[in-house]
Each structure stands twice: as C-alpha cells, then as structure tokens.
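Here are my notes on the model, as numbered points. Please read them with the structure open.

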Amino acid sequence: MNAPAPPFARFAFSFLLIAALPCALAASATPAAAATPAAKPAAATPAASAAAAAAAPPCEACHGAHGEGMAAAHVPRIAGQSADYLKKQLDDYAAGTRDNPIMANFAKALSQQQRAKFAARYAAMSARYIPQVKPPIAVHLARGHQLAFQGDEAKRVQACNACHGPDGVGVPHAAPYLAGQSAEFLASALKAFKDGTRKNDAGELMRSVAERLDDADIAAVTGYFASVDLSTH
Amino acid sequence: MDKVTRRSFVTTVGAATVAPAAALLPLTAAAAVSPAKTANIAEPPKTTYLYFNTAEVLFIEAACERLIPADESGPGALGAGVPNYLDKQLGGAWGAGERLYRSGPWQPGTPSQGYQLPFTPAELFHASLRAINRDLDAHGTPFHGMSPEAQDAYLKSLESGAHDLDGVPSGVFFDMLLKMSIEGFFSDPVYGGNRNMVAWRMIGFPGAYADYFEAIDRHGVKFEREPMSLAEDGHGHIHVRQDIPANL
Amino acid sequence: MAQRLKEVDVVVIGVGMVGSIVAKELAAAGYKVVGLERGQTRFTVPEFQSPAVHDELRFDIRKALMQDNTREPVTFRNQGAQVALPVRRWESFLPGTGLGGSMVHWNGQTYRFQATDFQLATRTRERYGKNFLDPDVTIQDWGVTYDDLEPHYDRFEYLLGTSGKAGNIKGRIQAGGDPHESPRSRDYPTPPQKEHFQGAMFRKAAGSLGYHPFPQPSSNLSQPYTNPEGVKLNACVFCGFCERYACEHYAKSVPQTVILPVLLANPNFELRTGCQVQRINLDSTKKHATGVTYIDAVGRVFEQPASLVITSTFAINNIRMLLLSGIGKPYDPATGHGVVGRNYAYQTMSTVASFFDEDVIVNPFMASGASGTLINDFAGDNFDHSGLGFIGGAFIGAVNTNGRPIQYHPVPPGTPAWGKGWKQAVVKHYNHTVMFSCHGSSVSQRQNYCDLDPTYRDAWGQPVLRITFDFPPNDIKMAAYVTAKAVEIGKAMGAKQVVGSPRKGPYTVTQYQTTHNTGGTVMGDDPKTSVVNRYLQSWDVPNVFVIGASNYPQNASWNPTGTLGALTYWAIDALKNKYLKSPGRLVSA
C-alpha cells in the first residue's frame, strides 16, 4: 500500500458485509476490517459462494441501493456509468494500477467475468439526481462552466467536455460521465491525478489536465459538474 | 461491447419525444425537433424552404432522392433532410459567394483550372433550375412526375453536359448538386442535413466526439457507440441551426 | 500617405512557425522585433476547442482556416501558352493564415530529407551519368549538406517533441526505425505513436516482401512532453480531425503549443495582426532594404523601418513578396534568365486502395495526422534507377489520417457516382478499406515557375502570383513505378481487390494533393541559379533573408516541414553568429 487509504475507507469499514463475497475475500480481509463486527464467513462450497455473491453485492453498502454513491464519503455515483469504464477500474484495482485497498480486495476476489457483470449491472442502473448540500455560488458555477465548455488558455487546459461529452454526460469507450457526480468525489479524483496517487489514466490524459488546475479551479469545475442535473429537460 | 445508452444513469420522466431548447426557436417546429434516435425514419422531415421556390423544391426533392435513395441500409436524401441542407446553404452566405473569388475577367478555362463562371452558387442554382423546369414543362412531364428510370436518365444527361442551362453547362450544375447532396448527407446535423445522424449510423462514423486513445488499440474490433453531433446537448437533442450557414 | 513608424531592429513578415521561431530567437538575443501577421490571433482556447472544431463541413470543405482567396488568390495555368485564371476556390493546396500560420492546421508528419537530396544534381550525375535526366529538368544542389543541417533538424524535432523511432544513430542502424535515413545524433524526443490497424497490416505485408517498415514520425505527441523552451504538450488521442483542423488538446505541435508562449512574453517582440505587408522597401541603390510598407485592418498605410527584414510567409507568398518588392531578377522561362520564381515544384501524389471483406474492420476514423507505417525503400535515391528513365521516388505507407465521411467514402472502380449502387458500395466499403499514400518527389523543370499575373489583382490592388506548373514526365514515370510497388504490398495484405491510382497529368487545381509548394526563391551557391545564398540571405539585398520551402531547389520524397524547421535554425545561427555581428554579404557572389 503506497498511499494512505482515502477518507471514505473509514465509513466503508463499518458497513462492510463480508458474507456476500466468496471465501477468498474473507480470508484476505485487511486488519482493520477484522476489527469490525464481521458477518458470518461465506459457506465453503463454490455453488453456495456463487449464490451468495449473486444475491447481495457489497457494493450497495457504499455505493448505495441504486448506485447513487455517498457524496460525503467521496464514494462515487456509479449508476449508469460506462460499463467499460467501471470494468477498467475494477481491473486496475485488482492489478494495483489504481491504488485503493478496499476496492482492491473486492476486485481481486472477482473473476474477469464477474467484474464485467457488476460493471454491466451498474451501467444499467438509474438513480435520481442528488443536489449538493452546499451548491456553489454563481461566480464559481460560471468558472466551472467555462472550464467545462471552453478551457483556459493561460493555464493551457482544454474544455472538459471535449472528452467527457456534451454537458459532461460521458462518452462511451472514451471518458466517464461527470454530470451529477458528487463534487467531493470529483475533487478527490482530480487531486489524486494531480499528486500522482492515481495514475491509471491512459496517456496521462487526466494528469496533464489536473496538474494545471489550482484548488479554486478544482472547486469550481467539480461544483459545476455536480450541479448538472440531466434528469429534467 | 457497451450498448447501454449514455442517459440511463439518470431517471427520465416523460415521453420519448422532447421539445427543443428554448434558446433556438425553429421556424417550423417539426424541422428542429430531434426525436428519439431511430435508425429508420419513415416520415421525411417538414422543411421550411427559404431559398427554393415551389417548382424548384419539386425538382430538388425528387432529384436528391435519386442521387441518394432510401434503401435497406437506411434513409436516403429525403429522410436525411438533404434538401433542407441545400436550402439553408444556398440561402445563406455560402450561396451568396462566401469563399469564392468573384472578380473578372472571366474565361471558360481548361478542366485543370476549375470553376470559372461568375455565378454564385445561389445564382447558379436558380438559373439552372429555371432552365430545367422550363425545358421539362415545354416537353411534357415535369421531373417529379417521371418514373425513377426516366429521372435517372435525365440526371445522367445533365451530368454528361448535354444541356446548356441558360449559360450554365449542365455538368457544372450537376456536379455542384451531387457534391452538395453528399455534404448534406454526411455533414454534422447542425447544418440541417444528416438528420439524426442517419448517414453516420449507416456507415459507423462516430461523429464529433472523438477520443480514441484506448479504442485504437483494439485492432479489427467494431467500434460500438452512438454517433454524436457537435450540436447535441447532454440529453442528445441536436440543436439544428436553422439560420445556417457554416460560419467561418 | 504612409505613416512612418519608429525604426526597429528586425521586421518578420508572417508569424507562422518560421516567423515565431526567428522572432523568439532574435528577441531573446536582445533585438527589437516586430512581427507582422495578416491574419488574426488565435489560441488553443477558445478557437481550437472541440466539439465545435470537429466540423468537417466548416474546416475541410469550406476551408475555414485557410488564406482568404476572395481577397488574395493565385492564378494558375499548366502551360505558358495558356492564360492563367484565378483559383476561385482552394482545393489542390491550402495555404493558411492567422497567428501560427499553416502549421496550425498541418498533419504533423515530420521528416528529414536524406543526404543525397541536398546534392541531388551531383549525385545523379555521379551515379547515373550526365545524360540520364530529361534536358528540361533543372534540379540543383542546395549549397548546404545534410551534415550542416543535422544539429538543426535535431533542434527542431526537440522543439516539437516529435514522436518517432530513429533508424540510424551516428551510423548505427536501429531496429524498428528507417534503415535508409541519414545518420541522426540521437533518437526522437518521444517514442512513436500507437500504430493503427491499417499501419499494422501494412507493416506485416511490407515486411513479408523484404521491405523495411517503420512508424511515421509524428508531431502529434505520443505522451506528455516539455520542450527545451519549457512549453508542455499533451498526448494525442487520435481524434481523426488533424489536417485542416486545429488541435484542442495541446497535443499537436503548432506555434501556439511549442513557442508562442515564450515569444509573446518577451517585451522585445511586438505582434501586429491584421497587417498586410505590401512590399519590402529598398533605398535608391536597390541593394539595401529600409523596412516594409503594410496596410492595417483599418486600411491605414504604415512604413515600418528596420535594419533587417525576414520574409517568412508561406512559400508561394515569399516568392510574391520578392517580386512585388523588386528584389532579385524575375525568372523568364523563354530566355532562361532570372531567378525569382524559378524552380517551382510540388509533390507527386498517388494512392492505392485495398478493399477487404466485411469481416476486416478498419475503423479509419481513429487516427492522428501522422499515424501509420511506411517504407522508404522506393523513396529518393534509395533504389537503383538504372534503366528506369526517371529519378526520385516516394514513401509508401498506410498513413491514412481520418474517416471523415463527406470526403472519405472509398468505392471500387466501376461504382456509379450516385444512386443506389453508389450508396450500397459506400456502406459496403467504408469500414473495410485500407488506403496507401505514395508520397512522391517533384523535380523542377524549366517550364514550371511563378511570376506576377498581368491581369488579376488582390484586394489591395497588387498583382497576384501566377503559377505555371505541370507534372514533369520524370515524375509521371516515377509515380507509375512506385504505385505498382505499392499495389504489390496491398496484395500481400490479403485484400480482395487492390486498385492503384498513379498520378497522371495534367496537374489540376481542383483536387487536393498536398500543400507542399516549393521553390521560387531557391537557395544555392551560384547567384545565376539561386535567389538566396546558403544562409538564406538575398544575393541582391543582404539585409533581407528569405526563409521558407520556397528555398528548395526541388522537392524530395517527404513532407517539406521538417527540413524547413532545420533551415530556420540554420539561418538563425548565421544571423546571430555572423550577420548581426557584422552585417553584410555572408557569401561573396
């Protein structure tokens, strides 16, 4: 483990439901997890494990019943996210290319096909738009909108929407959606790209952008995308 | 292969067809709305013509549909709104001579020297269509009344340069009509053609959003993604520019 | 009445890549430099942003980034006996305009010429004898060698961050690169871009025939890079909107992404846009420039005095600038005397289309402007021309840059031009076709030249440039030969049908080929056959330097831009270390 666990890990531990996962995960649980009131270990037979795995994925505990995420804990909304993006993140967690001990445990316990299945399941979900607890003020929204649609020449940053799609709705096989994503999660992601703790962006495409943004830019652009509600017309 | 639509992540309320954004008020409601993206559109869009008069419209709609016909692979020129594209280009700055060097003196020149007529595209089309309609009216059936075979034969005769259209060699007119029809078929739908990106869908061209950094590694694998217009918003509504043309 | 401005050290005409580099170097050396650009400023944000920039109609078809031909056209004819007529719409070549010039919309294909190219006349005589060439062919040696230019090629490639794989480092052949290249001192600054499927297919097929495929050197970068000027570029994402477009990602090497931030921050440099330079002014001796006259966007006439004038406009506009200024003797093809406008050349382009069954998925829209894989086995003098009856050659490669459908919808011969048959063929072949380019050299000949048109004028009332050009028979023969070789590679790919389209005359301005116009202000050792000396200094007016592909005595098998960058740094070296320390003729006539 190269980096400190992200903040949401503290919340995740107390919600961890180990019972739903195959045996292997329970056996390799992190020391902190062992301290929580763990549920019964998974049954021994593969059939029972598979049934248990299919019945109640632990994802809900952090990512919500509808995949809407948990903003305060920096857990991202994943409902309707691009399936190949989700699959890639699971692969990267498992391989250690994206550093996160909680997600690594979950991902390693899943086969390639299971990861694809979970990715597809969440890609097919819908969750209601959740407004920010503290919406950004107008001038920050305007700055965020500018970065999203236009970019900033002085900082040599191109428009986010160039890759992330109109209104940040995402572009399959290219970039995940940003619209309606929690500002907290987006900010932690940009900061992780910027400081190098997250390095699974192909071509360093995200690092190249993040390293040119300051804290005010990050607050503005993440607050803006979190405010984009595509559920109404 | 990721076939899930991009908008499934947010619960939608309401019917499949939606009203266009208020910022761009269309001249004709039907033309501006982009209904749910379907591969085959049975009803050609209603177009408000600003450049072509009625007689010209009858020729243009029929002729374009012969140039690019509807078939099993999808809509043709009519379903894609190619006549609308032509109307807005010819009625706008392009038709008026944008990007055309218009000073004389004029000589016909050699084929290597390209277009040498004084006509702007708008003038050329009006002159040619006037001559065509007059010629066909005088000799019997108007173009839109002919059988498809007869229409093709007439178009071929235009293509070969067999007619002088009030000073416009018919081959010059035909080449411009064909070139602009192809543009209207394959350009971004913001310009009023390629309605709902039917032409892009037909060939598998993904459109204006184009980050292929990871996909380029998947040699020989079909790229499965809905095409995307430069003018669509996060709901997939394409904001067609009724006031066209391509501004430079 | 012209308003006379305060004198400066240097005027740079045209703030494209050449002008930007020259201005940056001289301003950094402490000189007061004014850059005059006819077009407007533009930057990556907001002018180059997508999705708006990914608009094929606007940029490809309507030529949004190009020189305004309604105000400043050229005229053209194939033969001197014809009347030249205006090019009323750009098609064959597309000169740019605006800050950054044509290299804003270029493809990023970045090549060096080979050592032989710089002594083409001598080498041809030595290898093939005095009588090998058609008598009309006027190829010449350049007056500089590849070795002279090598450090400057290196410097330009490192400025751009060009992505590639060296084939010859200091004489040692490197696997995976081009074994034919002349020696370079070190590898490219960044590794090659990813190969697209077409490039991979080409590589296997060309390799199977014993040729030497290598990745195309690309100034659309493979990874983030900070250049020696401290400017950082990003990785290219293969969007397929490269040539004729500007890059939204800071990933294409253009003046805005490699040098303008440094130039524009230097208070010794002043940029003036919307300024149309009318002529370089000479004193009564006609051997000394006093500055330039220009008309600004409001229509006001200014005289800008300067000690040194650099004309770094697009190649053909450099020729016109000298003619309008009365610098150098205009070339007369009838007598063979004069030099300005002489040895105009172009690029001889052929294509091969390989059609596959529908199970072969090509995805042509995934590409950068310099994607692909090519061979130099039939380029330049890399093969024995004995008995073939021509000199020169072409690089052959699967270097397709896009799948933009208005222009790209390949169909086999015999397909109708319209109708159901056309539509069906388009659907059938769009995603199942591989296109090769045969990018051929262009010899100069007596009959091909540029001068001022006697009839047509630009919007400022000045005569426009007249281009008289047709493909020399040498190049038609070369095109047929290389295209046949390329067809064999297509067959080795296993295509169902392979169709070669070798370039045939007459040259037409109605079909895009390249914007590789060269010659007209040729460099050399002999003032009777060149306009500038080896340092790109005018023989006639020593305080005028001319930098552009207009200096090329003939065009080689590769894109001119890499060599132009090398010549720019070579000339800057001469300016800073020789001329500006002691102004005067650098080479005795």
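1. F76(C) has L85(C) as its bridge partner in β5(C). The strands involved are β4 (residues 74–77) of chain C and β5(C), which run antiparallel and are joined by two bridges. Strands pair here if DSSP finds at least two bridges between them. Helices (H or I, at least four residues) and strands (E, at least two) are DSSP runs, numbered from the N terminus.

2. A word on conventions. This is a predicted model: local features need pLDDT of at least 70, side-chain atom pairs count only at pLDDT 80 or more, and totals for chains, interfaces and linings use all residues. Residues are numbered from 1 along each chain as its sequence is written, while chains are lettered from A and ligands numbered from 1 in the order in which they are written.

3. The pair β4(C) and β5(C) belongs to an open sheet of four strands, with the order β5-β4-β20-β19 (chain C) and mixed pairing. β5 and β19 of chain C are at the edges; each has a single partner strand, so one side of each lacks a neighbour in the sheet. Helix α9 (residues 315–325) of chain C lies across β4, β19 and β20 (463–468) of chain C. Its direction is at about 70° to β19(C). Axes are lines fitted to C-alpha atoms, for helices over the stretch in contact, and angles run from 0 to 180 degrees between N-to-C directions.

4. Which chain does chain C touch with 59 residues? Chain B, which gives 53 residues to the contact. Contact means that the C-beta atoms of two residues, placed from the backbone, lie within 7 Å. On the side of chain C, the elements that give two or more residues are α2 (56–61), β5 (85–86), α6 (197–208), α10 (420–429) and β19 (449–457). α10(C) gives the most, with five residues. By class, this side of chain C has 32 nonpolar, 16 polar and eleven charged residues. Ala, Val, Leu, Ile, Met, Phe, Trp, Tyr, Cys and Pro count as nonpolar; Asp, Glu, Lys and Arg as charged; the others, Gly among them, as polar.

5. A second open sheet in chain C has six strands in the order β8-β16-β17-β18-β15-β21, with antiparallel pairing. β8 (214–215) and β21 (497–501) of chain C are its edges, each with a single partner strand, so one side of each is without a neighbour in the sheet. β8(C) pairs with strand β16 (residues 373–375) of chain C over two bridges. There, P215(C) stands opposite T373(C). α6(C) lies across β16, β17 (394–398) and β18 (433–440) of chain C, at about 120° to β17(C). Helix α11 (residues 473–492) of chain C also packs on the sheet, touching β15 (348–355), β17, β18 and β21 of chain C.

6. β2(C) pairs with strand β14 (residues 301–311) of chain C in the parallel sense over five bridges; V309(C) is the partner of V11(C). Four bridges join β2(C), again parallel, to strand β3 (residues 33–37) of chain C. V12(C) stands opposite G35(C) in β3(C).

7. In chain B, look at helix α4 (residues 82–90) and helix α8 (residues 170–186). Their axes come within 8 Å and cross at roughly 115°. The contact is made by V82(B), Y85(B), L86(B) and Q89(B) of α4(B) with M180(B), S181(B), G184(B) and F185(B) of α8(B). These residues divide into five nonpolar, three polar and no charged.
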